[in-house]
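Me: I have a model open and want to learn how to read it. Can we go through it feature by feature?

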Amino acid sequence: MNKLTKSQIERQNVLNNRYAVQAIQENPRVSRDLKPQFGHVIHVGSKTTRLGLFSFRAFLNIGMLLTESEKARKVRAVILDLAIATIHQRAGGGTKFINRRDANFLPAAIKEENYRRNLTSAINACVSGHKTYKYSQITDLIYKAVFREYAKEYREILRLNTKDNVRHTLYSEVLLVISSFENGVGAAIRQRCHDTGRQLSVEEVGELIAKLAADPAQQPYLSDARSKMASRDLSFRDAYHGNIAEYLRAVSPGVQGRRFHSTHIYKGTRGRARGRA
């Protein structure tokens, strides 16, 4: 709860979510505690007049900033509860796969699968090691390079179970960055294999991944992917990525609206989709 008083990003995410603001405004627990608590700020006789001089969003911001007031603390608790409940409701009861509500997710997922095959075929032909384990090892190295988290860490942060596919939780823009990066890694593996005339070790592939991640041409895309993943996961899933916290930004109202209004849901790994959730 203290994060609302300490984090401008957290407060802005609440204020940018018009569905949450509407639910909070209509909740009697907030309006009963909010009016007496902040009405004295304006020294006029009528409570109605006092409230009319400030927008409801302004009152919410005041309530999230005050730290010494017990009533403000209670208001913040209600704000958090209603904001989270609203997101869950708009997402169809859960936020684990809220990314799938984006109309752009399905095309991005299909593209990512195609580029993923380019990578796995390069690994199969050009990388030595365990015939199945080497794929997960290299995938882990790619996730670490892009997100500064291994797949296991990402699973823990999003509270995924063993059957959940990590890629199915990624936002469309992030999937496109992953596609580009995996395609580049696959091409680099094939080129090094051709140049050396032998298969590469997983360690050598790790060096290629690190080199690609350090390429200045990749930096704008990696930065954008980290920012979107860190910011949206915090806002939509209440999931905090500490390793990329420096990329946190407030999620704009437009993005929140698109996430909640889209009716496209992606299912499976073969591009199947269904309509309304």
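Me: How many disulfides does the structure hold?

Reply: Start with what you are looking at: a predicted model. A disulfide needs two cysteine sulfur atoms within 2.5 Å. Here the structure holds zero disulfides.

Me: Is C126 buried or exposed? And C193, buried or exposed?

Reply: Check relative accessibility; the cut-off for buried is under 20%. C126 has 6%, so it counts as buried. C193 has 14%, so it is buried too.

Me: Where does S121 lie, and what is its relative accessible area?

Reply: S121 sits in helix α8, which covers residues 105-126. Its relative accessible area is 31%, so S121 is partly exposed.

Me: How far apart are S121 and G186 in sequence and in space?

Reply: Compare the two distances. In sequence, 65 residues separate them. In space, their C-alpha atoms are 8.1 Å apart.

Me: Which residues touch the most other members of the largest nonpolar core?

Reply: That core has 49 residues, and those touching the most other members are I138, I142, L170, F181, V185, I189 and I209. Helix α11 (172-196) is among the elements giving two or more residues. α11 gives the most, eight.

Me: What is I189 in contact with, beyond its neighbours within four places in sequence?

Reply: The contacts of I189 are L119, A122, I123, C126, V127, L200, V205 and L208.

Notes
Residues are numbered from 1 along each chain as its sequence is written. This is a predicted model: local features need pLDDT of at least 70, side-chain atom pairs count only at pLDDT 80 or more; totals for chains, interfaces and linings use all residues. Side-chain values use heavy atoms; hydrogens and water are left out. Buried means under 20% relative accessible area, exposed over 50%, partly exposed in between (1.4 Å probe, protein chains only). Helices (H or I, at least four residues) and strands (E, at least two) are DSSP runs, numbered from the N terminus. A nonpolar core is a set of buried Ala, Val, Leu, Ile, Met, Phe, Trp, Tyr and Cys residues joined through side-chain atoms within 4.5 Å. Contact means heavy atoms within 4.5 Å.
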